[in-house]
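The tour below goes from one selection to the next and says what is found at each stop.

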Amino acid sequence: MSANVISLDGLQVASRDDLTKAIETQGCESSACGTSDGPADMDPATWEKVKDHPCYSEEAHHYFARMHVAVAPACNIQCNYCNRKYDCANESRPGVVSERLTPEAAARKVIAVANEIPQLSVLGIAGPGDGGYDWKKTKATFEKVAEQLPDIKLCLSSNGLALPDHIDELMDMNVDHVTLTINMIDPEVGEKIYPWIFHDHKRHTGIEASRILHERQMQSLDMLSERGILVKVNSVMIPGINDKHLMEVNKVVKQKGAFLHNIMPLISAPEHGTVFGLNGQRGPNAAELKELQDACAGGANLMRHCRQCRADAVGLLGEDRGQEFTMDLVPEEVSYDPSKREAYRDWVAEERGERRAAAQEAKAETSAVVATDAEALLVAVATKGGGRINQHFGHATEFQIFEVDAEGVRFVTHRRCDNYCVGGYGEEDKLDLVIKTLEGIPVILCAKIGDCPREALEEAGIEAVQDYAFEYIETSVSAVYRARMGLPAAEAEIA
Amino acid sequence: MSYQIVVKNCTVCGACEFECPNAAIAFESDTFVIDPELCTECEGNFDTPQCAAVCPVPETCIPA
């Protein structure tokens with residue numbers, strides 16, 4: 001979608017105080033940020049698996065793109081946050097998709113995308129439906145794609161109910177990333193989320209349904225971990241139902257070998273037609289979400305850069321180019337041209353090394369001059385990827401939020417608003433929404449900004465800075481931090 | 001004795017198609033259709049008709 005709007009319909013930012021409080025209670029320990037630093041906090045074998053995977057590595061998500069294909073529409077469970085009838089081209093949230101594909105069509109689409117988007121590194125099957133249950137179509141798609149693009153990473157999202165039946169086939173196909181959606185480890189909690197499941201030729205309801213689901217999910221997790229397949233666990237945070245419980249889930253999934261735990265906010269509105277949407281079940285606000293994520297620090301590594309993308313998303317996290325690759329635009333015959341992807345990979349290898357070195361240097365110089373107890377600063381960044389400040393303020397549909405103090409620069413989260421239909425707003429309203437989105441953030445870095453929006457931001461107490469256009473994010477954020485403290489810029493930041 | 005699919009409710013997910021023990025369900029033009037000649041309501045195979053048990057939309061796979 002094209003609107004340059006960020007609203008926080010889904011992920012509301014609570015008051016500035018709440019946010020500050022949530023951030024003060026716990027900064028972002030490096031261990032909690034999980035995968036952000038790359039090799040330093042990860043064994044080399046794991047890093048090799050995740051370094052090009054935007055959903056598993058915070059660093060990789062600046063460089064690499066994923067695409068999802070909706071080939072497996074059948075599902076074997078009913079969740080109260082899902083309505084299978086709903087679809088909207090202007091909406092972005094998990095499970096929503098406009099076009100269902102046969103495995104053959106999906107393979108053609110993947111090749112077409114690989115030819116156009118050299119950043120493509122991952123193909124995921126992530127609904128609507130369950131790829132582990134609608135297995136024949138999932139398998140056929142992976143096989144057809146792997147024939148032509150042997151280096152693409154194959155990824156599967158599943159509720160885990162049917163997955164134990166297919167683990168060996170996953171191994172055979174080199175699927176090395178699986179996401180399990182696990183919302184509970186206590187069937188009594190599950191009963192409030194899952195009205196029924198279909199398993200072993202029967203529909204099960206009530207507590208029995210959740211008991212079976214839980215057992216199969218744990219079995220899936222064990223089997224995947226045993227085989228060295230990286231498992232990410234997604235949990236939907238549902239206030240009043242599983243919010244506190246997710247701390248237990250976090251402990252258990254970590255114990256069982258999950259590599260990442262991604263706690264996502266429930267997206268719920270009456271117009272979605274879901275049980276939760278209709279009964280008024282609300283999603284968490286940003287402060288509640290962060291509080292839970294912080295409380296889980298020390299458990300399984302937490303993923304903070306999840307964008308909750310559409311099931312047919314194409315592109316870097318935070319951009320969806322799916323509309324450019326609908327099947328009517330994909331040619332009947334496509335052949336794969338590897339040259340663009342190879343050239344891009346070479347460039348990334350060099351670029352990410354330089355960026356990391358620059359960030360290290362800026363960090364060292366900052367920690368040398370800034371007191372260890374100096375207050376941290378939150379900085380918003382408009383970026384199109386590549387780890388640089390390279391987006392015009394007016395084109396941003398989301399912002400990356402970084403936190404900086406004497407310890408260095410850390411990615412905190414995204415703030416976005418394109419996950420809902422936002423049509424019908426005038427330009428002024430859009431700016432208001434952006435300002436609301438940036439609440440609690442005193443500085444925004446962008447490649448360029450017009451005088452009008454800059455003044456409007458200033459009135460709202462937000463300083464817009466375009467002096468670091470096209471520079472690395474980390475060095476620029478630390479330069480801003482030092483400048484605000486009246487300290488001179490470090491060498492790495494000027495270079 | 002046969003089941004049928006209520007077209008206006010069907011989400012075309014296809015779960016019924018592969019759960020059907022008689023291969024009685026097929027995709028035709030833009031929806032799934034149960035062949036009444038082949039449908040046995042799963043008698044002799046399962047306790048309940050599989051299409052109705054797996055279908056995500058209530059009142060969609062019903063007795064014809």
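Which residues in H3(A) meet which residues in H4(A)? Bear in mind, before selecting anything, that this is a predicted model. Begin with helix H3 of chain A, residues 103–116, and helix H4 of chain A, residues 135–148, which pack at an angle of about 35° with their axes 9 Å apart, in a crossing that is right-handed. Now show the side chains: from H3(A) come A:Pro103, A:Glu104, A:Ala106, A:Ala107, A:Val110 and A:Ile111, and these meet A:Lys137, A:Ala140, A:Thr141, A:Lys144, A:Val145 and A:Gln148 of H4(A). Coloured by residue class, the contact of the two helices divides into 7 nonpolar, 2 polar and 3 charged residues.

Next, select strands E2, E6 and E7 of chain A, which form an open sheet of 3 strands in the order E2-E6-E7, with antiparallel pairing. The edge strands are E2 (77–78) and E7 (202–205) of chain A, each of which pairs on one side only. Between E2(A) and E6(A), the latter covering residues 196–199, the antiparallel pairing runs over 2 bridges, and here A:Gln78 can be seen opposite A:Trp196 of E6(A). On the other pairing, E6(A) and E7(A) are joined in the antiparallel sense over 4 bridges, with A:Phe198 having A:Arg203 in E7(A) as its bridge partner. Follow the chain through the hairpin of E6(A) and E7(A), where 2 residues lie between the strands and A:Asp200 takes a positive phi near 55°.

Now select the contact of chains A and B, which takes 11 residues from chain A and 10 residues from chain B. On the side of chain B that touches chain A, helix H2 of chain B (residues 50–54) gives the most, with 3 residues, and the residues of that side divide into 7 nonpolar, 3 polar and no charged.

Finally, step back to chain A as a whole, whose secondary structure comes to 15 helices and 15 strands. Of its 495 residues, 53% are buried, and among contacts in chain A between residues at least 6 apart in sequence, 74% join residues at least 24 apart.

Notes:
Residues are numbered from 1 along each chain as its sequence is written. Chains are lettered from A and ligands numbered from 1 in the order in which they are written. This is a predicted model: local features need pLDDT of at least 70, side-chain atom pairs count only at pLDDT 80 or more; totals for chains, interfaces and linings use all residues. Two strands pair if DSSP finds at least two bridges between them. Two residues are in contact if their C-beta atoms, placed from the backbone, lie within 7 Å. Ala, Val, Leu, Ile, Met, Phe, Trp, Tyr, Cys and Pro count as nonpolar, Asp, Glu, Lys and Arg as charged, and the others, Gly among them, as polar. Axes are lines fitted to C-alpha atoms, for helices over the stretch in contact, and angles run from 0 to 180 degrees between N-to-C directions. A crossing is left-handed if the near helix is turned anticlockwise from the far one by less than a right angle, and right-handed if clockwise. A residue is buried if 20 or more other C-beta atoms lie within 10 Å of its own, exposed if 12 or fewer, and partly exposed in between; C-beta atoms are placed from the backbone.
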